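Thanks for coming. I have one model to go through today, so let me put it up on the screen.

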Amino acid sequence: MIPPVPLGSIMNHAAAGCIGSAGEPGARTASSLAALTGDLTEVNRHIRELRNAEGDPLTLKDSVLLVLEPLPAGVSWDVEALLALASAAGVAALAVKPPSNDGTFPPNVQRLAGRLGLVVLAVHNTWQFGVAAQELLSGAAHLQGLLLSRVAAECELPHDSLSHLLSRLGVVLGHQVTLVDSSGNLISADDAPAEAEPNPAGPETPRTEIFSPVHRHVDAGPRLRVVLGPALGQEQAAIRAALGLAALAVSELLSRQRLQAERDARHRVALLGELIDHAGDISPSFRAKAWELGWALDGYHVAFRVITREPVDLVAKKPELDRALLRENIEASTVEQSDGWAGWISFPSKPGPAEVSKISSALRRAQHELGATVPTQFGVGRLQAQHEGIVRSLEEAGDAARIAAARENSGYFVHVDRLDMAQLLLIWTRTDTFRPAARELLAPLLAAGPELLLTLNTFLDNESSLTETAAILDVHRNTVSDRIRRIQSLIAINLADPEARLALQLACRSVLMDQEK
């Protein structure tokens, strides 16, 4: 015998599509579903006589009574009679499509339901509700078999994207299906930004999470997740079994996508290698291949080199780099390398110094955003022309990225345009003549605390930008502003004066190098 189903489980079964209710379900249970069609006069007659339209006996006690025809708008005595007759017949709940689409009932229905102690469910679609409720009321074995067959049929269809497959599985199971990592964090599908999941039953309602590993032999791998509100045990068991089957399809799709991503990466790496080896004489076939990848070879280019500061899956993480660049409105060609990525930004006509500077600042912001998951050192080359210029700028960017490894105060970011003269002057700061003068100049800051010297050096390294200094030091912008005002009062130097800024920058470098020894 199939045990009764709590009325609350039916109400919270997402596939049933309940959009509102009148009356409290409490601990009530339901054992069956009875559906009646026709206008309210016919429905009321069937309830009074306990006979359906075919004249067969109708058992309504402890049932969910589903009226297939929508309730009429306005005040109707037939509606009130329906509630009274349903209550007298001992139904567990009355399910109807209300006259309004917001799921609310007229005040007279609300009052009468409360007085009779009757639960009235507002459903969006009576046929959908009937099918979903019957699944629960038919027992666990029936529901599990039904979900397994639906998932199997869906997984046999072709799905070109992970997001499409997850969306279709959600429709089949009646609950949202997401992909999460081993810590439960949402994983983006097909490079779309991840969004927080709402509690399907509301923020105050307890929820149940069901997981199924995508790769069966990898404990720390991704998992499928379904979040349920209060749900019947048999529904949880059915969804758990169906989710396990769905995980096989997701695993196969992810494996296919990974193989394709690796093939694409090898193609990009080989093509970039060919460009570097034959930069002075590229063939028409090479141009065609580059065009297919969206690479611009003519015009002007600024290259950048990204070196990761810890081991990462470069193929899997490349979409994160591309997203970080696009969020800064940077359309770049990027290629995996053995220790990170190479890339370049192309311009059809020669950009001015101000535009190149804006690109450099945007790359710095992209590096900062990427740093939330992938710590890097970033190098940017100079503006160069034509396809040979891509190679020259990439070489400069590679050198700058390696220099950036020792430039923590600049956020591990170096732009060659800002590097050449600074490197020459830095040699002078190491002389015995300059170092005592630097310490004397900065003595008030050294006495006040190490954070002031560090702030000043970072501020000057980043073109006096409060925002970038705050991001690198991981403090609030107002904190940097307050420190700069204090620094100016302690050393009585006008930071708006370019010569004063240069002197201070060199002095900071000299003192900091002495401290590192």
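I will go through the cores, then a sheet, then the aromatic contacts.

First, the conventions. This is a predicted model, in which local features need pLDDT of at least 70, side-chain atom pairs count only at pLDDT 80 or more, and totals for chains, interfaces and linings use all residues. Residues are numbered from 1 along each chain as its sequence is written, and side-chain values use heavy atoms, with hydrogens and water left out.

Start with the cores. A nonpolar core here is a set of buried Ala, Val, Leu, Ile, Met, Phe, Trp, Tyr and Cys residues joined through side-chain atoms within 4.5 Å. Buried means under 20% relative accessible area, exposed over 50%, and partly exposed in between, with a 1.4 Å probe and protein chains only. The largest core has 26 residues, and those touching the most other members are Ile 47, Leu 65, Leu 82, Leu 83, Leu 94, Phe 105 and Val 120. Several elements supply at least two residues each, including helix 2 (40-49), strand 5 (63-67) and helix 4 (107-116). Helices and strands are DSSP runs, H or I of at least four residues and E of at least two, numbered from the N terminus. Helix 3 gives the largest share of this core, five residues. Another core lies apart from it, with 25 residues, among them Leu 165, Leu 179, Leu 224 and Ala 246.

Back to Phe 105 for a moment. Beyond four places in sequence, the residues that Phe 105 touches include Leu 71, Val 96, Pro 98 and Val 120, where contact means heavy atoms within 4.5 Å.

Three strands form an open, antiparallel sheet in the order 8-10-9; two strands pair if DSSP finds at least two bridges between them. Which strands stand at the edges? Strand 8 (177-180) and strand 9 do, each with a single partner strand, so one side of each has no neighbour in the sheet. The twist averages 30° from one strand to the next. Strands 8 and 10 pair over four bridges, and Val 180 has Arg 223 in strand 10 as its bridge partner. Helix 7 (residues 162-173) lies across strand 8 and strand 10, at about 135° to strand 8. Axes are lines fitted to C-alpha atoms, for helices over the stretch in contact, and angles run from 0 to 180 degrees between N-to-C directions.

In strand 9 (residues 208-213) we find Ser 212. Ser 212 is buried, at 5% relative accessible area.

The criterion is NZ of Lys or CZ of Arg within 6 Å of the ring centre and within 35 degrees of the ring normal. Likewise, the charged end of Arg 309 sits over the ring of Tyr 412, at 3.7 Å from its centre.

Last, ring pairs. The whole structure has three aromatic pairs, meaning Phe, Tyr or Trp rings (six-membered for Trp) with centres within 6.5 Å; planes under 30 degrees apart are stacked, over 60 edge-to-face, the rest tilted. Trp 295 and Trp 344 are edge-to-face, 5.0 Å centre to centre with 75° between the planes. Both are buried. Phe 378 and Phe 413 are stacked, at 5.7 Å and 20°. Ring pairs also link Phe 304, Phe 378 and Phe 413 into a cluster.
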